[in-house]
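Work through each task with the coordinates open, then compare with the solution.

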Amino acid sequence: MKIVREALAGTLESSDLMVRIAPRDDELEIVLQSEVIQQFGAQIEAVVRDTLAKLGIFAGLIVIEDKGALDCVVRARLQTAVQRGVDAWTADWSALS
Amino acid sequence: MSAPLKLRRSMLFLPGSNAAMLSTAYVFKPDCIMFDLEDAVSLREKDSARLLVFHTLKLPVYSRVETVVRINSLSTPFGLTDLEAVVRAGVDVVRLPKTDTADDVHALEAEVERIETDCGRAVGSTKLMAAIESAAGVVNALAIATASKRMIGIALAGFDYVMDMQTERGDGSELFYARCAVLHAARYAKIDAFDVVFSDVNDDAGFLKEVELIKRLGFNGKSLINPRQIDLLHNAFAPTEEEVDYARRVVQAAETAESKGLGVISLGGKMIDAPIVAHARLVIARANASGLRT
Amino acid sequence: MSEELLSYAVDPAEEENERQEIVRLLARSDLDYEIGVEAFVVFRLARRLIACAGLEKNVVKCVAIDPDWRGEALGLKLLTEIVHLAHERGHVHLFLYTKPDNVDFFRCCGFYPLAVVPGTVALMENTPVGIQSYCNQLKKLRQPGDVIGSIVVNANPFTYGHRHLVEHAAAHSDWVHLFVVAEDVSLISYRDRFQLVKAGIEGIPRVTLHPGSEYMVSRATFSAYFFKEKGIVGDCFTAIDLLLFRNWIAPALGVTHRFVGTEPFCRTTHKYNADMMHWLRADVSVSPAIAVVEIPRSEQDQAPISASAVRRLLRAGDFSTIAKLVPPTTLALLQSKYRIERPTAA
């Protein structure tokens, strides 16, 4: 799938995150802001990359404002943003796990 | 000895879109946690909440508590996708809102079975419950309660029901018939019955008064919107020391009779019927779950 | 939680009762109601309005929480809602004006400071990579030299006066970076203005023509400027626009000089030029000072050439006079596309 429009998901509230995605031609740029970036920055980024790879997304600008979300919340919000930012959602449920 | 009784005294409502509550609610230890995808979620967040609940259901911490998801009605654009998500994520119970007829349950069951087959989940492992929110639902409560062997309970939802009845919430008399009808249907079908939410979380006395009433009527439990109400509810359902003593003696007598192969159970020279034994087991289960009443 | 928090959008033009309550809530926070706001998000608890945030296009304004209800949680919820509302209305990249004391709070809401006028106002944007990535693009267009000039024009429309300014700057610089204001609120569309500038500077050496951006004389950096045609000037935050130029854009391109024409007619532009002397040159920033070169307008028949004069002549249908003030490309476009139809005498 391909991100074709800017999309937004999540909230700025505690234990959540706000994800903003935008189309990019051929690079994946992840910009992560987090209150816990020292301890968990690398882990969050790994979750983001894994989630996108399972959806077949390899290009886009991903801006994340993290408020201490669990990994599963990161996945859920990112998947929602992608759902909102693609023209045709073709992912199988197994790609969401 | 029969399988341990599944207590469903407290069913805690959590808005499916609230990441913080979803991430932490298990610590309050309700008997059931109900993730809501319906009324507590705005139209804008339906897709987001569905995915959040999908992932939350898979958290190991939620494998130790019974999980329920209130999906959107299958007549909405969201209902079927909600169902796909939660059945695949391993939810224990699907709660159908605004159930008016047994056919509503049949339609739900057919979809659940299809999804179970699709995703390799054991057919029949997804349980169902129905919320009754209208005069039609109350009148059809028995048919709804017995519509499927997957059914584990029916719940009365007061807000929509009183609207449908052209009245409003008051001292409880407005719910009298509906409570009795839902309860009788549940007892006949041998499933659980859940009472309405009590919305004023600052009114402990009012809450406890309502809990006394529904416990005496025979409800298994109540839907809750604030974690603070859980302990109050559990304590109200907890037995006294005297009740537990008596229940232990009843169960002891029943087990003795069973081991001796006796057809009749007696305690203190009196014959004891099966419903008394069943009630004694319930009393002990409640005591084991949250101690004696304080 | 005994009362449910209601959150919904309000159109201030349609809902006068809601608008009145918003005015009172803003007043309790010492904030003015701004008439440009097109939509509000409000929170209501037990029938009481306790928080609001407004949107004027992509600028977040009028953010207030009832003093009795202040706390970070409600603020984060409010900003979440306004960001989603803006997105629904087609605005992804958002700007926000606030008092400098509130910068830390909005930083927690995903907004990043762009420019701060101490004690007065701060401008923030809702992305950590906005102006930085814009400046990274600009850096690729850097040119060597000791004197790197810059000009920002609206060119509504492009006149011989503009050409004179660019020629003068080019003659006195090693290179000139020329920007066209991108905000589309002028008589002549941005597309057309850009094309006219491109044609109009033909033959002038050592000039790079840049598209405008939201970081330069835009609704976001300089919103009051665009009210002027409606007759509402108000206090304009020229300082923010100029500090953005000095702190971000100029260093990216190595700009040392900014060239402007004197402004005899338009009060807002005149003030902008005067403010430039202060905010680009004085000791108000850690970034190097930028020399401001104000050159007199070129004249035609003893009158300074200005775009506003051309627009007046356009309204009068006086194309023969216009022809003396603008290059042929501008004249042709005005005649074909911007001719103002007037009732013909019977």
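Buried means under 20% relative accessible area, exposed over 50%, and partly exposed in between (1.4 Å probe, protein chains only). This is a predicted model, in which local features need pLDDT of at least 70, side-chain atom pairs count only at pLDDT 80 or more, and totals for chains, interfaces and linings use all residues. Residues are numbered from 1 along each chain as its sequence is written, chains are lettered from A and ligands numbered from 1 in the order in which they are written, and side-chain values use heavy atoms, with hydrogens and water left out.

**Exercise 1.** Find the salt bridge of B:Arg8 and state which parts of chain B the pair ties together.

Solution. Step 1: apply the criterion, a side-chain nitrogen of Lys or Arg within 4 Å of a carboxyl oxygen of Asp or Glu. The partner of B:Arg8 is B:Asp192, with the closest N and O atoms 2.8 Å apart. Step 2: locate both residues, using helices (H or I, at least four residues) and strands (E, at least two) as DSSP runs numbered from the N terminus. B:Arg8 lies in the segment before strand E1 (10-15) and B:Asp192 in strand E7 (residues 192-195) of chain B, so the pair ties together parts that are 184 residues apart in sequence. Step 3: check accessibility. B:Asp192 is buried at 12%, and B:Arg8 is buried at 10%.

**Exercise 2.** Characterise the salt bridge between C:Asp66 and C:Arg28.

Solution. Step 1: the N to O distance is 3.3 Å. Step 2: C:Asp66 sits in the loop between strand E4 (59-65) and helix H2 (72-88) of chain C, and C:Arg28 in helix H1 (residues 16-28), so this pair connects parts 38 residues apart in sequence. Step 3: C:Asp66 is buried, at 1% relative accessibility, whereas C:Arg28 is partly exposed at 42%.

**Exercise 3.** Which residue of chain A pairs with B:Glu45 in a salt bridge?

Solution. Step 1: the partner is A:Arg84, the closest N and O atoms being 3.9 Å apart. Step 2: B:Glu45 is in the loop between strand E2 (32-36) and helix H2 (46-56) of chain B, and A:Arg84 is in helix H2 (residues 71-85) of chain A, so the pair joins two chains. Step 3: B:Glu45 has a relative accessible area of 7% and is buried.

**Exercise 4.** Describe the interface of chain B and chain A.

Solution. Step 1: count contacts (heavy atoms within 4.5 Å). In chain B, 19 residues are in contact with 16 residues of chain A. Step 2: compute the buried area, the accessible area (1.4 Å probe) that two parts lose on being put together, summed over both. The two chains bury about 1600 Å², 61% of it on carbon and sulfur atoms. Step 3: the rule finds two salt bridges across this interface.

**Exercise 5.** Where does B:Lys190 lie, and is the residue buried or exposed?

Solution. Step 1: B:Lys190 is in the loop between helix H8 (176-189) and E7 of chain B. Step 2: its phi is positive, about 60 degrees, although B:Lys190 is not a glycine. Step 3: B:Lys190 is exposed, with a relative accessible area of 73%.

**Exercise 6.** Inspect the backbone at C:Ala155 and C:Pro157.

Solution. Step 1: C:Ala155, not a glycine, has a positive phi of about 55 degrees and is buried at 2% relative accessibility. Step 2: the peptide bond from C:Asn156 to C:Pro157 is cis, with omega near 0 degrees. Step 3: C:Pro157 is found in the loop between strand E8 (148-153) and helix H5 (160-171) of chain C, and C:Ala155 is in the loop between E8 and H5.
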